[in-house]
Amino acid sequence: MKLAEYKDRLVSCKACGTCSYGRGPNNPFTAEASPSHRCPSLDKYHFMSYGPRGRLYLARLLQRGEISIDEDLAKIFYTCTDCGMCEELCFHPFTDIIKSAKVEIAKIGFGPPENNRKANENIRKFFNPLGEIGLNRADWANGMNLPRKAEVMFFAGCKPSYRQDELAKTAVNLLRQAGVDVGYLNKEEWCCGRPADWDGQPDIQEIMAMHNIKAMKEAGAKEVVFACPGCYLTFKNEYPEIVGKLPFDVIHITEYLVQFINSDKFKFEKFAGKVTYHDPCHLGRFAGIIDQPRKLIASVPDIELVEMERHGRFSYCCGNNVDFSNWVASQRIAEAKKTANIVITACPRCVQNLSIASRNEKIGIPVYSITTFLSNKIKK
Amino acid sequence: MRDYIMHILKEIVGQEYVSDSYPIRATYEQAQLPGGEIVKGKPDVVVMPRTPEQISKIIQLANKEDLIVVPRGNGSSQAAANIAKYGGIMVDLARMEDILKIDEDNMVITAEGGCSVYKMMRALTEHDMRFPFCPIFSCGPSLGASICTNATGDFMVKYGRLGDIIVGLEAVLPTGEIISLGTGAYTSGWGHYHRYTGIPDLIGLFVNSSGTIGIITKASVRVIAKPKAEGYLTYGWRREDIDKLTRALIELQKYEIDDIHLYNQWTFFGPGAHFSYYGDKTHIPKDIHFVPLTVVDALNEKELEIKLDFYKDICVKYGGIDIGEGITHYLYGPPQYEGFGLPGVSYQKAKAMGITPMMSRSSAYYFYNPLPKFPEVYELWEGICKKYGYWNEKYIPAWLSWADRNCMNPYPMIVEIPINDEELKKYAKYWEEFASELARRGCPPYAFGHSIPRIAIEGLGDNTFQFLKKVKMAVDPNNILNRGVLY
């Protein structure tokens, strides 16, 4: 939506600050309060402007033409990590409004930041943000004999395809373990386009959407399974806005696998370790997939699954892809370290950010994708 | 802001915590409505100190350069006292947010001035304790600002407002000195366990001070043990039975029911009203005009039963119609609790439920009135609402009020205010007229600030106002702290 279409919504913010500073409890008996730390960019920069309340107000000024776009304004909008915590605390669709504001900012050249701009151009040119050659996209699947047509198709995503092949391979292994004849688009899988859309360049996402949907149709997909929450959410929420109802179901791999945990398909080895699960924002808060990954982890015999203070709906971000991602990830990994000995998550970006933070901060806590962890625990 | 001042400020607090960038300053110009649209003012610079010593240096600089200093907490800003109407240095306390001590034996919690009250409440819950009253202003109000506005909230009947439970504080005065008040001021003593030290109550000077007397950097607050049992009862009254309702409220308050939160029908039935989200789950008959939501707590279930029966008898005696736990349960009771007031549900959750909730453009005026005068005050408000064309579903005149220990703390609001110049001018007139009439009758505002009519302070009489001015002049000879709020 264009920013102008949010006009009423923008003036209906009464600047209460719940989005930025949290909520409740008003009643000590039912104290489901939000965590004490919330918006990552507000945590980092502290100025109210870097929190959702500030951004909403600036979007209001922008929509009314009462503020001019400059680098400072662009920075405020481009430091939102898209974690959606504010939307858990308040009625307003902050992330959609921020996205619309970024479209205005990008139009006149103050955004996206240089690195993102390059990545988005890479999506346009090479169909992935990493600037990799499209032909190599399916290298991870060499030797796996994945058909290009199937009723259940696997969408690997860019990071697993080029940087985290283990994540993609283990996802397919688990699907096969469950007895699914899974297919894969091979080099016809393109980036979902989410990074560009989030950066205020929705036209790039539209191109990706048209292609991916066409390719899935041609592959005869009835269900598409995702290992990346970003891609999953894009197909689930964004693509229908572009093309209408999709001709296939969109399913995250944890949703898919959880239906088999009580069957004889999965027999895991015992694992007497203390693990914690980091909810990816796009999977937990945005898509409500909170219990499924936990059920999968808990199905490993003897495992001790413990929660960080911030989990589920109120989970903290991994830092996504902003200029202070490492800072956010280091906060999160420190919280994980206080809780458990192993972090499991279900998102390639989270795995990457948290692993780097664990290494950089010398925290030394291993971070696994849920598919890798479970795949390694399957009884041989 | 002049370069050399920016340079000094950066030296004091660190480069990354000072900004005169336009978008950053712009976000600090807004208060909650109507301040958000009617009272505005950008600071010249925003500074985020970490220590009282840094604040002291900023204040000394401001005195030297004749710059206004405006302290700011988390910005609930009900009275627009934290708006830099005349520019100056905005001192945002967001970095001073640590809980310093939870003293379980003395039942005192100590935190920095910028600490969210909700954060403190969370921490207390883990120790099986709670704030005596529960401030529920929309955002997590910060401790210092809550003292400056003397925050109100649920469960005030027994324990009063925030100002009533403070036992100690530390503040930076407008001249830069850092002072400590309460027993904690004894440098080698046993800390903050008691407010009174045998001298005049200087802590009281900071309560409701709207940031004009000093910047509160640390405070200690008395807490209580969490009650063991809790129950709810919800009775309704028709509009014509307001006198009976008032009698019931007086009786309930007399016997210290734990919480009374009174609403009128618009609150529940208006199309964009606060609780329309709850739909027919409220079970409130259409002819019911007033609904006081009440909470009762007790040491155990047995005591709870006795208390509930006692309070029910009072409601029945004065014509209350039993409407079940209904809305009270939905607002207070586990497990349906979703967070009180605005917002009641998250956007993500609402989206999953297939609804698109729209927040209202509400605006409330917070004040106090004697409980027996409730019918008169309600009639006054109803009359003014009708005069301005607000007494209808388009605008939704929602009455909300808490019970304080011996009075009523209403915050009636016009829920839907169209944001355009004509409507805002009309609303500003309504606000002025209502607030002024209340002040003339002896009803003080909740706090004072740029959006509160002068009569609310000056109506206290010349002597009182002049005395207040003398105190302010004594502590702030250059009137640098929140200039224009008091005078």
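A residue counts as buried if 20 or more other C-beta atoms lie within 10 Å of its own, as exposed if 12 or fewer do, and as partly exposed in between, with C-beta atoms placed from the backbone. All views show a predicted model, in which local features need pLDDT of at least 70 and side-chain atom pairs count only at pLDDT 80 or more, while totals for chains, interfaces and linings use all residues. Residues are numbered from 1 along each chain as its sequence is written, with chains lettered from A and ligands numbered from 1 in the order in which they are written.

**View 1. Asp128(B) and Asn482(B), two non-glycine residues with positive phi.** Asp128(B) has phi near 60° and sits in the loop between helix 5 and strand 7 of chain B. Helices (H or I, at least four residues) and strands (E, at least two) are DSSP runs, numbered from the N terminus. Asp128(B) has 11 C-beta neighbours inside 10 Å and so counts as exposed. Asn482(B), with phi near 55°, lies in the segment after helix 17 (462-475) of chain B. Because 30 other C-beta atoms lie within 10 Å, Asn482(B) is buried.

View 2. The buried residues are Val117(B), Tyr118(B), Lys119(B), Met120(B), Met121(B), Arg122(B) and Leu124(B). They pack against strand 5 (99-103), strand 6 (108-112), strand 7 (129-130), strand 8 (134-135) and helix 6 (143-149) of chain B. Contact here requires C-beta atoms, placed from the backbone, within 7 Å of each other. Asp128(B), with its positive phi of about 60°, comes just after helix 5 of chain B.

**View 3. The open sheet of four strands in chain A.** The strand order is 2-1-3-4, with parallel pairing; two strands pair if DSSP finds at least two bridges between them. Strand 2 (182-184) and strand 4 (249-252) of chain A are the edge strands, each pairing on one side only. From one strand to the next the twist averages 35°. Strand 1 (residues 152-155) of chain A is joined to strand 2 of chain A by three bridges and to strand 3 of chain A by four bridges. Phe154(A) takes part in both pairings: its bridge partner in strand 2 of chain A is Tyr184(A), and in strand 3 of chain A Phe154(A) stands opposite Val225(A). Helix 13 of chain A lies across strand 1, strand 3 (223-226) and strand 4 of chain A, at about 160° to strand 4 of chain A. Axes are lines fitted to C-alpha atoms, for helices over the stretch in contact, and angles run from 0 to 180 degrees between N-to-C directions.

**View 4. Domain 2 of chain A where it touches domain 3 of chain A.** An automatic or database domain assignment supplies the bounds; for chain A it gives domain 1 (3-107), domain 2 (114-258) and domain 3 (274-377). The C-alpha centres of domain 2 and domain 3 of chain A are 22 Å apart. Between them, 24 residues of domain 2 of chain A are in contact with 23 residues of domain 3 of chain A. Helix 9 (158-162), helix 10 (165-177), helix 13 (229-243) and helix 14 (253-258) of chain A each supply at least two residues of the side of domain 2 that touches domain 3. Helix 10 of chain A gives the most to that side, with six residues. The side of domain 2 of chain A holds 13 nonpolar, seven polar and four charged residues. Ala, Val, Leu, Ile, Met, Phe, Trp, Tyr, Cys and Pro count as nonpolar, Asp, Glu, Lys and Arg as charged, and the others, Gly among them, as polar.

**View 5. The cis peptide bond between Gly111(A) and Pro112(A).** Omega of this bond is about -5°. Pro112(A) belongs to the loop between helix 7 (94-107) and helix 8 (114-126) of chain A.

**View 6. The open sheet of three strands in chain B.** Its order is 18-23-20, with antiparallel pairing. Strand 18 (363-364) and strand 20 (397-398) of chain B stand at the edges with a single partner strand each, so one side of each has no neighbour in the sheet. Two bridges join strand 20 of chain B to strand 23 (residues 413-414) of chain B. Pro397(B) has Ile414(B) as its bridge partner in strand 23 of chain B.

**View 7. Residues 334-344 of chain B, where pLDDT stays under 50.** pLDDT is the predictor's confidence in each residue, from 0 to 100. Over this stretch the model has 28 contacts beyond four places in sequence. Where pLDDT is low, the predicted coordinates should not be read in detail. Chain B averages a pLDDT of 87, and 87% of its residues score at least 70. For the complex, the predictor gives an ipTM of 0.90 and a pTM of 0.92.

Notes. Two residues are in contact if their C-beta atoms, placed from the backbone, lie within 7 Å.
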